[in-house]
Protein chains: 2
Amino acid sequence: MGWSSQTIEMIGYAAAFLTTVSFVPQAIKALRERKMAGVSLHMYALFTAGVACWLAYGFMIGSVPMLLANLVTFVLASIVLVMKIRHG
Amino acid sequence: MGWSSQTIEMIGYAAAFLTTVSFVPQAIKALRERKMAGVSLHMYALFTAGVACWLAYGFMIGSVPMLLANLVTFVLASIVLVMKIRHG
């Protein structure tokens, strides 16, 4: 169809940016409030493992953007996971 | 380095599977318990918007796996977002 490669690339960058930074407010909230009741332990266990796989994948295919984005997400998701384990 | 393309592909599929299904337990927990205090509204607002961008990106580049994985994630993240808006 009629999308320019620039438009497609911009949407890709917006997607990567939004899904990566989205974990910042959740990590901050977890560290500040330590109220973890509604947060699913299973979600963060599976998600953190998944992001570790994306990290390995990005490394193996030599993609620096994937590596960086998933490194940030891995750190943030790990914070939430640890806070959930500690504070239930 | 010495990874086969099969190994790399398998890790990619594991990554996609884990990060997609991880939202299933969070959505179920939200629907069952309706205790959303620890869940960040900002996270799910940003994340759902980001996944919508990934969905558009997958559609534009014609990637069926990206479309399917992000469609599932979009539905699950939207459930969590709506439950957070309704039940605080």
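In this predicted model, S22(B) sits in the loop that links α1 (5-21) to α2 of chain B. A polar atom of the S22(B) side chain lies 3.0 Å from the backbone oxygen of T19(B). Once neighbours within four places in sequence are set aside, S22(B) is in contact with M43(A), L46(A) and F47(A).

One of those partners, F47(A), also turns up in an aromatic pair. Over all chains, the count of such pairs comes to ten. Take W3(A) and F59(B): their rings are 5.8 Å apart, centre to centre, with 70° between the planes, and the pair is edge-to-face. This pair crosses between chains, running from W3(A), in the segment before α1 (5-21) of chain A, to F59(B), in helix α3 of chain B.

Now for F47(A) and its ring partner F23(B). Their ring centres are 5.8 Å apart and their planes meet at 80°, so this pair is edge-to-face. F47(A) belongs to helix α3 (residues 41-61) of chain A and F23(B) to helix α2 of chain B, so here too the pair joins two chains. F47(A) is buried, with a relative accessible area of 5%, and F23(B) is buried as well, at 0% relative accessibility. Both rings are part of one aromatic cluster, made up of F23(A), Y44(A), F47(A), F23(B), Y44(B) and F47(B).

Y44(B) from that cluster is also among the contacts of V39(B). V39(B) is found in the loop between α2 (23-33) and α3 (41-60) of chain B, and at 1% relative accessibility V39(B) counts as buried. Leaving out neighbours within four places in sequence, V39(B) is in contact with Q26(A), K29(A), G38(A) and V39(A) from chain A, and with Q26(B), Y44(B), V80(B) and K84(B) from chain B. V80(B) is 41 residues away from V39(B) along the chain, yet their C-alpha atoms are separated by 8.7 Å.

How do the two chains fit together overall? Chain A superposes on chain B by a rotation of 180° with 0.0 Å of shift along the axis, at an RMSD of 0.0 Å. The two copies are thus related as by a two-fold rotation axis. As for where they touch, 100% of the interface residues of chain A are also interface residues in chain B, so the copies meet through the same surface.

How values were computed:
Residues are numbered from 1 along each chain as its sequence is written. Chains are lettered from A and ligands numbered from 1 in the order in which they are written. Side-chain values use heavy atoms; hydrogens and water are left out. Helices (H or I, at least four residues) and strands (E, at least two) are DSSP runs, numbered from the N terminus. Buried means under 20% relative accessible area, exposed over 50%, partly exposed in between (1.4 Å probe, protein chains only). Contact means heavy atoms within 4.5 Å. Copies are superposed by least squares on the C-alpha atoms of residues with pLDDT of at least 70 in both. A polar contact is a pair of N or O atoms within 3.5 Å; within protein, one must be able to donate a hydrogen and the other to accept it, and residues adjacent in sequence count only if both atoms are side-chain atoms. Rings of Phe, Tyr and Trp (its six-membered ring) pair if their centres lie within 6.5 Å; planes under 30 degrees apart count as stacked, over 60 as edge-to-face and the rest as tilted.
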